[in-house]
Amino acid sequence: MNLVARSSRTVFSVIESRAFFRSLVKNQYFGRKMSSASSTDNKYKDYVKFLELVGGLKHIKRTGWVLRDVKDCESISGHMYRMSVMTFLLEKNPENENLDRVKCMEMALVHDLAEAVVGDITPYCGISREEKQQRELEAMKDIAKLTNSGSDKLMELFHEYEKGETPEAKFVKDLDRLDLIMQAFEYEKRDENPERLQEFFDSTEGKFQHPFVKKIVSEIYAQRLEHQAKLKNQSQQSS
């Protein structure tokens, strides 16, 4: 089975398994008319449903790892969490002075939130980029409504990240790629299978922009080479 077929099966098996739940959400929450009175009366129901949707991200595995049969792979929420924690590493210096750290943290926590509804759609899923963007936009609109007064903030962060024009959006995209290769390196070390996930390093090479992130990337590359050399040496000694 090729990657496109496997990815489609993976993503849509997740989606299908959640179909009844999403239908319930649509009918009871997303589909109703939100008058000012009903909004006040039902906002705590909305909050619980929002938290339930967010909680679902703890159990949805990232498609890229599933396709490559990586055991015990990370969830979408794990990916977003580490991205947000990365913002604490930002130092106060000229190269970071135009970045709003709190905004970067918030954007990292929001950028894949739509996947709670649509799943983790990758380029191998047989879905066009335009269709993916449309599905995620509609999902975000529905999710944001559940936060009531927080709706505008969520959508602003989502749109800003998707456009990728502001310093914060570009930085968070760098964090997205950084977490990807960091996770790939961790899996290679854990499984003692160097270079197994080389494609993830190839796909991000030359795309990092921020000097701070580039320094971390360089360190990951250096440690990866060191680890590969160590395993090669051990293999030669044992043969």
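**Entry 1: the largest pocket**

I note that the model is a predicted one.

Next I checked which helices take part. H4 (63-67), H8 (129-145), H9 (151-163), H10 (167-190) and H11 (198-204) each supply at least two residues of this lining. H10 gives the most, with 6 residues. I sorted the lining by class and got 15 charged, 10 polar and 9 nonpolar residues.

**Entry 2: the second largest pocket**

The second largest pocket has a volume of about 170 Å³. Among the residues that line it I wrote down Phe 50, Val 54, Lys 58, Met 80, Tyr 81 and Leu 113. Helices H3 (36-56), H5 (76-86) and H6 (101-110) are the elements that give two or more residues to this lining. By class I got 8 nonpolar, 2 polar and 1 charged residues here.

**Entry 3: the whole protein**

I then went through the secondary structure and found 12 helices and 0 strands. The protein has 239 residues, of which 46% count as buried. I took the contacts between residues at least 6 apart in sequence, and 71% of them join residues at least 24 apart. The accessible surface comes to about 13,200 Å², with 52% of it belonging to carbon and sulfur atoms.

**Entry 4: aromatic pairs**

How many aromatic pairs does the structure hold? I found 4. One of them joins Trp 65 and Phe 200, with 4.6 Å centre to centre and 45° between the planes, and this pair is tilted. Trp 65 lies in helix H4 and Phe 200 in helix H11, so the pair ties together parts that are 135 residues apart in sequence. I checked burial as well: Trp 65 has a relative accessible area of 1% and is buried, and Phe 200, at 9%, also counts as buried.

I looked at Phe 201 and Tyr 221 next. Their ring centres are 5.7 Å apart and their planes stand at 90°, so the pair is edge-to-face. Phe 201 belongs to H11 and Tyr 221 to H12 (residues 211-238), so this pair ties together parts that are 20 residues apart in sequence. Phe 201 counts as buried at 0% relative accessibility, whereas Tyr 221, at 27%, counts as partly exposed.

Notes: Residues are numbered from 1 along each chain as its sequence is written. This is a predicted model: local features need pLDDT of at least 70, side-chain atom pairs count only at pLDDT 80 or more; totals for chains, interfaces and linings use all residues. Side-chain values use heavy atoms; hydrogens and water are left out. Helices (H or I, at least four residues) and strands (E, at least two) are DSSP runs, numbered from the N terminus. Ala, Val, Leu, Ile, Met, Phe, Trp, Tyr, Cys and Pro count as nonpolar, Asp, Glu, Lys and Arg as charged, and the others, Gly among them, as polar. On a 1 Å grid over the protein atoms alone, a cavity is a set of points where a 1.4 Å probe fits but cannot get out, and a pocket is an open set with protein on both sides within 12 Å along at least five of seven lines; lining residues have an atom within 4 Å of a point. Grid points are joined across faces, edges and corners, and a volume is the space filled by probe spheres set on the points. Buried means under 20% relative accessible area, exposed over 50%, partly exposed in between (1.4 Å probe, protein chains only). Contact means heavy atoms within 4.5 Å. Accessible areas come from the Shrake-Rupley method with a 1.4 Å probe; for residues, only the protein chains shown count as cover. Rings of Phe, Tyr and Trp (its six-membered ring) pair if their centres lie within 6.5 Å; planes under 30 degrees apart count as stacked, over 60 as edge-to-face and the rest as tilted.
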